[in-house]
Structures are given as C-alpha cells and as structure tokens.
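Me: I am new to this structure. Please take me through how its parts are arranged.

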Amino acid sequence: MQPTLHFDGPVWRPPYEATSQLVQVTAGCTWHRCRFCTLYGKQKFRMSPMSEIEEDLKVVHAFQPRVHRIFLTGANPFVLTTNRLTDIALLIRKYVGEGHPTIGCFSRITDIRNKTVEELQQLHHLGFDYLTIGVESGDSETLTRVNKGYMSEDIVEQCRKLEKADIHYHFFYLVGLGGHGNGERNALRSAGVFNQLHPVSIGFLSLTLFPESQLYQEFQEGKFEEATEHERFDEMITLIEHLHIQTHILGRTVSNPVPFTGSLPHDRVSLLQELRDAKAELSEKQLRSYRDSIESL
C-alpha cells in the first residue's frame, strides 16, 4: 500500500505554488469570520501534530528528497507561534534539506502582528519567504464592512515588518468587494496603501457570492448590492492606473471572465487596453452569465 500524506478538508494553494510540495501543518482558518468567504466551509481550525508532519516529510523524502519549495497548507499557517514554525522548518531541513527548500504559506495580516521583526528574521533564515496574504482590499471601510479583522494601516505596518525581515510576499485583491457604486473608492484607497509597500505580485480575484456565505444572505435580504460586471472592469482599471510600484499583476483565475497578466510599470498600457477592450466587447449579460456559471473557486 502506497503511503499517503495527511490532508483534512479543502486544500488551497495559489497558482504560483503549482510546483511546490504541499505539506499540511494546519487545517481550516483561525478567523473564519469574513462575510464573503466559503473556502473552508464549516471546518474548524486544527493544528497538525508534529508527529503527523514528520510522517508526511518522511514520505516526501522517500519520493522526492530534493524538494526546492514547500508550501504549508491551511488558511493561515503563519498564525502558529515562532517556536512551532521553527520546529517545522527544522523538520523540513532534516528530511528534505538537500534541496535547500524555501517555505511558503498563507498568512493573515493579524498573524504577522504577533511576531517581532527579530522573530521574522529568524523564520526567514530558516527558509520562510514569499508568503501569500489575502488582504482583499486596502480600504478600511470595505475591510470593516466584510469583517476582515484589520484596517488599512495594519496592512502597511505589518508588511513593513516583513520587508525589514527580507520576507517577500504576495497580495490578493478581491474586485467588487465594496459592492455597487464603491469600486472607484475601493481601488483608489487600495492603491494608496499598496504604493507604500513592495508586494511581489497582486493577484486579482472577482467576488463571487455562494449561498453558504454571510454576504450572500445579506444580498438576498437587500442589505448588500453586488457591483456590476462592468463596474468591476472599471475598478481593476482604476487600481492598475494608480499603482506606482514595481509588481506583477496576476488575473488568471476562474473568477475572472477575462484572464490577464503583466508587470508594472512595464505592461501598464497593454493591461489597461486589454481590460478596456474586454469591457467594450462583452455585454453585462454575457459577463453575468459567466459569473453565474461558476460553481466553485
């Protein structure tokens, strides 16, 4: 019988971690209160026992002893204490250290808050780099409305700590999260926050409401009005127009009816033209039909 790795419930990883070895260290989310999120269902947060993590790393070593990168699964494994993350990193070095792997994972902004710059430097020395953070927005009004659990100033403060520790990071931005009529405000304020930082990439997702989410229920009750599909194009255009940093723009997910990628500032003009052309060519009805056809992210 082939040995198998331990995975509980849904497992998500960013597109750019496609070639990384996945290892579960947590399952579920510690926050689990974002009004729009359905990624982890009703799954409760769980820490994998160190013995279970070690078993999995033994399996990885048996089949792939020279791993170049490990991605720790779970909604926000970076919430673990520095000591526990250190122990995990040392186990990774023990079993697959020949490949000098770096270690990535999802993180909430609040997970960074609990770590000092010195602790972050220690984790970076052990291989932690290129974290993925679903900030969703840089607009405090939007963040409060959807109950993200932090404000725009927290994004700046905590990501600057990562930068001091030489830990790179990616952002995800959720288009349409502000609702109908609020896209421009959301984009402009988010650009103001992101321009103070140095994310390696900004991934664009587009809000897709599923019945299990609290925001869907609010939509049904008339308490939340979705942004139109054309509004979403305007929001993306506004954000890209006002970003003045070097970063990669990633928009190739199922939630985007028109996939796009590029680098700023080099590809700004072509990205903007691509989005403007798509908005002109595709009707609201066509775009809405696509959105309604999405069964899962």
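Me: How are helix 1 and helix 2 oriented to each other?
Reply: The structure is a predicted model, where local features need pLDDT of at least 70, side-chain atom pairs count only at pLDDT 80 or more, and totals for chains, interfaces and linings use all residues. Residues are numbered from 1 along each chain as its sequence is written, and side-chain values use heavy atoms, with hydrogens and water left out. The axes of helix 1 (residues 50–63) and helix 2 (residues 82–96) come within 9 Å and cross at roughly 25°. Angles under 35 degrees count as roughly parallel, therefore helix 1 and helix 2 are roughly parallel.

Me: Which classes of residue make the contact of helix 1 with helix 2?
Reply: Contact means heavy atoms within 4.5 Å; among the residues making it are Met50 and Leu57 of helix 1 and Ile88 and Tyr95 of helix 2. Ala, Val, Leu, Ile, Met, Phe, Trp, Tyr, Cys and Pro count as nonpolar, Asp, Glu, Lys and Arg as charged, and the others, Gly among them, as polar. By class, the contact has nine nonpolar, one polar and five charged residues.

Definitions and conventions:
Axes fitted to C-alpha atoms, helices over the stretch in contact; angles between N-to-C directions. Helix = DSSP H or I, 4+ residues; strand = E, 2+ residues; numbered from the N terminus. Parallel < 35°, antiparallel > 145°, perpendicular 65-115°, else oblique.
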